Amino acid sequence: MDSLIRTINKIQDQFRSLKEDPIALPQIVVVGSQSAGKSSVLESLVQRSFLPRGTGIVTRCPLILQLLHCPANDVRRKVTLVDLPGMTQVPILGQPADIGKQIRDLIDSYIKQKLSIILAVVTANTDMSTNESLKIAKEADPAGERTLAVVTKLDLMDKGTNATDILTGKLIPVKLGIIGVVNRSQKDIMDKKVSISF
């Protein structure tokens with residue numbers, strides 16, 4: 001099984017280098033706005049700090065992570081995670097005028113694949129009805145059958161508000177579920193704290 005996984009990874013890499021559509025395999029595609037916590041969520045899943053950090057667009061191209069999980073009973077299972085640039089609307093200095101459309105087209109090319117699980121990262125301190133990642137996920141997956149929502153920044157919600165309606169699915173209609181997280185702060189990152197709270 002391990003050699004098969006390596007072979008499939010090599011085949012997919014060859015397709016990408018030729019700028020051809022790779023073989024459609026299941027993958028988890030992370031979608032969200034800039035600074036929504038996408039990288040922190042991914043790092044929590046793999047339990048390693050390895051993604052670039054900073055302000056503005058840090059992820060400038062798709063980062064395709066191919067993971068191999070080997071539990072104690074040695075059943076091998078491959079998981080592919082795709083980290084995409086955060087959605088943006090306003091170009092900053094040095095960015096093309098159509099940066100928002102370029103990013104949107106890139107996201108669409110990954111989430112339109114029927115075997116892709118859409119990991120829609122949304123921040124708890126924004127209005128869910130205007131959230132761009134939920135809108136994009138709904139367009140690609142109208143029934144919500146392959147969308148999982150991750151609600152970040154629960155600790156930054158206004159005092160007196162709560163996330164009950166969000167986390168119970170009253171505001172986000174997805175069938176794979178909704179997970180609330182508290183991401184690492186910049187201090188946690190500097191102190192090399194590796195986990196986030198679920």
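Which residues does Val-31 touch, not counting residues up to four places away in sequence? Val-31 touches Lys-38, Met-87, Ile-107, Ile-111, Ile-118, Leu-119, Ala-120, Val-121 and Ser-133, where a contact means heavy atoms within 4.5 Å.

This is a predicted model, in which local features need pLDDT of at least 70 and side-chain atom pairs count only at pLDDT 80 or more, while totals for chains, interfaces and linings use all residues. Residues are numbered from 1 along each chain as its sequence is written, and side-chain values use heavy atoms, with hydrogens and water left out.

The protein has six helices and six strands, which follow one another from the N terminus as α-β-α-β-β-α-β-α-β-α-β-α; helices (H or I, at least four residues) and strands (E, at least two) are DSSP runs, numbered from the N terminus. Of its 198 residues, 36% count as buried, that is, under 20% relative accessible area with a 1.4 Å probe, protein chains only.

Val-31 is also among the residues with the most contacts inside the largest nonpolar core, which has 27 residues; such a core is a set of buried Ala, Val, Leu, Ile, Met, Phe, Trp, Tyr and Cys residues joined through side-chain atoms within 4.5 Å.

Note on methods: Buried means under 20% relative accessible area, exposed over 50%, partly exposed in between (1.4 Å probe, protein chains only).
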